[in-house]
Amino acid sequence: MNDFGQFAKAQSPKLLPFLATLVLYFSLVRKDPRGELWTTVLKCLPIVALMFYVVAKGISLKKEYRHSLWILLGLVFSCGGDALLNINLFPFGMISFGVAHVFYISAFGWKPVKWLIGSVLFVAVSLFVYFVHKNLDEILIIGVPIYCYLITTMLWRSLARAVDSRNFLAVFCAIGAILFVISDALIAVTMFVGVPLPCARLQIMITYYAAQFAIALSTADDGPALQCSLHKKIK
């Protein structure tokens, strides 16, 4: 508990910009914003703040910080995806988020593989793609399935990493990956299936920002000194 308190105390100042930008977004953007510059900026600011966090807590081109570099690049493309979606360029936003997931997959790595987890997830996403496929047209009929498999791979790699290490940050990151999938699933059911959700934007954005926060926080123990002090097993 003392270790966690020290960890929280060390990370909190670097996360204040993220909390401040969250308050700004949810306070000022009250309706579904599309095509407005000021709402696009406010929507992107929390992700920019998470980029600041990844850099501020320490980063370099050394091997010990490779995870941080991949996550930072993922956040950059996520920010681009946020902007593109907000100005009604959904296919291009989806591509940008797809690239972000490639970087997140690289950050989480391929060891251990955990084929069982992957198999269950891919069966589930295949059923989902089959269900929504008839509602897609033009570029989305190709893009949506590819994106679905990319985000599912990201979830698989985060879960495999968490199950193997049982490190707090890895487990929290896996929870973030689950929230990311939930956020995108909410978008899919409202956009492609036509299911009306109460306060849909709030549900989507709350789960999305929580997901990105958890993924960004997974970089907190990057670096040779921090890896020794923060890699505690969950009992």
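Reader: How many residues line the largest pocket?
Author: This is a predicted model, so please read every value here as computed from it. Ser183, Asp184, Ala185, Ile187 and Ala188 are the lining residues that lie nearest the centre of the largest pocket. Counting the whole lining of that pocket gives 35 residues.

Reader: What volume does the largest pocket have, and what space lies in the second largest pocket?
Author: For the largest pocket, the volume comes to about 770 Å³. For the second largest pocket, the space is about 510 Å³.

Reader: Which residues lie nearest the centre of the second largest pocket?
Author: Helix 3, helix 4, helix 6 and helix 7 each supply at least two residues of the lining here. By kind, this lining divides into seven nonpolar, eight polar and eight charged residues. Of the 23 residues that line the second largest pocket, those nearest its centre are His67, Ala107, Phe108, Gly109 and Arg161.

Reader: Let us turn to the core. Which residues touch the most other members of the largest nonpolar core?
Author: This core has 56 residues, and two of them touch the most other members: Leu75 and Phe180.

Reader: Which helix gives the most to this core?
Author: Helix 1 (2–28), helix 2 (37–56), helix 3 (66–86), helix 4 (90–108), helix 5 (115–132), helix 6 (140–165), helix 7 (168–193) and helix 8 (200–217) each supply at least two residues of the core. One of them gives the most, with ten residues: helix 6.

Reader: Is Ser158 buried or exposed?
Author: Ser158 is found in helix 6. Leaving aside neighbours within four places in sequence, Ser158 is in contact with Phe108, Ala174 and Ala177. A polar atom of the Ser158 side chain lies 2.8 Å from the backbone oxygen of Leu155. Its relative accessibility is 1%, and buried means under 20%, so Ser158 counts as buried.

Reader: Why does Leu121 count as buried?
Author: Leu121 is found in helix 5, and it touches Thr152, Leu155, Trp156 and Leu159 when residues up to four places away in sequence are not counted. From Leu121 to Trp156 the step is 35 residues in sequence and 7.1 Å in space, C-alpha to C-alpha. The cut-off for buried is under 20%, so Leu121 is buried because its relative accessible area is 18%.

Reader: How many residues apart along the chain are Asn86 and Ala200, and what separates their C-alpha atoms?
Author: Asn86 has its place in helix 3, where it is buried, with a relative accessible area of 1%. Along the chain, Asn86 and Ala200 are 114 residues apart. Their C-alpha atoms are separated by 15 Å.

Technical notes
Residues numbered from 1 in each chain as written. Predicted model: local features only at pLDDT ≥ 70, side-chain atom pairs only at ≥ 80, totals over all residues. Heavy atoms only, no water. Core = buried A, V, L, I, M, F, W, Y, C linked by side-chain atoms within 4.5 Å. Buried < 20%, exposed > 50% of the residue type's maximum accessible area, 1.4 Å probe, protein only. Helix = DSSP H or I, 4+ residues; strand = E, 2+ residues; numbered from the N terminus. 1 Å grid on protein atoms, 1.4 Å probe; cavity = no way out; pocket = protein on both sides within 12 Å on 5 of 7 lines; lining within 4 Å. Points joined across faces, edges and corners; volume = space filled by probe spheres on them. Nonpolar A, V, L, I, M, F, W, Y, C, P; charged D, E, K, R; others polar. Polar contact = N/O pair within 3.5 Å; in protein donor to acceptor, adjacent residues only side chain to side chain. Contact = heavy atoms within 4.5 Å.
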